[in-house]
Amino acid sequence: MAALLSLSNEVTIKRHCNVDDVKEKGIDKGIGAFSGSAEKEKEKLISVIEKGGYVTIAYTLENVIVGFISLDKWTIPAGRVVFETIYELVAEVSKEWRGRGIAFAMLTFTFEDPFFDDKIVIARGISSYWDLTMLEKETYRRRLLNGLKAAGFADWSDNNPFGGEFLAVRIGSKADPYLVEHLDEVFARQASTIYETETVQIFGDKF
């Protein structure tokens, strides 16, 4: 399937980027909610790719990144098996480029990729990263969830061990059934270690 989507005469979206796709482009100064600056965000995108994650970018005719989706891969040991099919999603669109449907287009285009058929993806709603200058929190929350649902996510907020405003989960049609069956326990245990700097052994021989 094509890796490029032309959103308008101004913006192109590329999914499953490699390091050079990101390195060769500039990044808009309106990006930086998660890392503190645009350049640090660009470095983070490169790091995610180098560690086996997945990145989608939206960029202009001038080759400037104005939006991205970044999916960090979790490595979860379970006895002699290591699951590497759970990813955590982060997305941002530059302040000057919001309201043009870029985030929605990136989401839907990214998850049309067969790469995600056997993957589980989580998206945590954390309002400290949200731009609430124009929308109140609950409206912003609903918009985010609606966009995620359009890309195949389900709202797991009623059973969310991570805190924040919501938890959305997308389970690929070919995801490991044993892992799917035990997701609640996986999430509960991962929540207790998610802020640690090193991967720890969180399971024994069984979930």
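Between which strands is the loop in which Asn63 lies? Asn63 lies in the loop between β4 (54-60) and β5 (64-78), where helices (H or I, at least four residues) and strands (E, at least two) are DSSP runs numbered from the N terminus. The model is predicted, so that local features need pLDDT of at least 70 and side-chain atom pairs count only at pLDDT 80 or more, whereas totals for chains, interfaces and linings use all residues. Residues are numbered from 1 along each chain as its sequence is written, and side-chain values use heavy atoms, with hydrogens and water left out.

The protein has six helices and nine strands. Of its 207 residues, 47% are buried; buried denotes under 20% relative accessible area, exposed over 50%, and partly exposed in between (1.4 Å probe, protein chains only). Among contacts (heavy atoms within 4.5 Å) between residues at least 6 apart in sequence, 62% join residues at least 24 apart.

Helix α4 comprises 14 residues, 137-150. From first to last C-alpha α4 reaches 20 Å, close to the 20 Å expected at 1.5 Å a residue, the expected span being 1.5 Å times one less than the number of residues. At the N-terminal end, α4 is capped by Glu136, with a side-chain oxygen 3.0 Å from the backbone nitrogen of Glu138. α4 is followed by Gly152, for which phi is positive, near 100°. The buried residues of α4 are Thr139, Tyr140, Arg141, Leu145, Gly147 and Leu148. These pack against α3 (102-110), β7 (120-125), β8 (154-155) and β9 (166-171).

Helix α3 is mostly covered, seven of its nine residues being buried; among them are Ile102, Ala105 and Met106. The axes of α3 and α4 come within 8 Å and cross at roughly 30°, axes being lines fitted to C-alpha atoms, for helices over the stretch in contact, with angles from 0 to 180 degrees between N-to-C directions. The two helices are therefore roughly parallel, a class that takes angles under 35 degrees. The contact involves Phe104, Leu107 and Thr108 of α3, which meet Gly147, Leu148 and Ala150 of α4.

Phi of Asn63 is near 60°, and with 34% relative accessibility Asn63 counts as partly exposed. His16, likewise not a glycine, has a positive phi of about 50°. His16 lies in the loop between β2 (11-14) and α1 (19-23) and, at 39% relative accessibility, counts as partly exposed.

Methods. Polar contact = N/O pair within 3.5 Å; in protein donor to acceptor, adjacent residues only side chain to side chain. Parallel < 35°, antiparallel > 145°, perpendicular 65-115°, else oblique.
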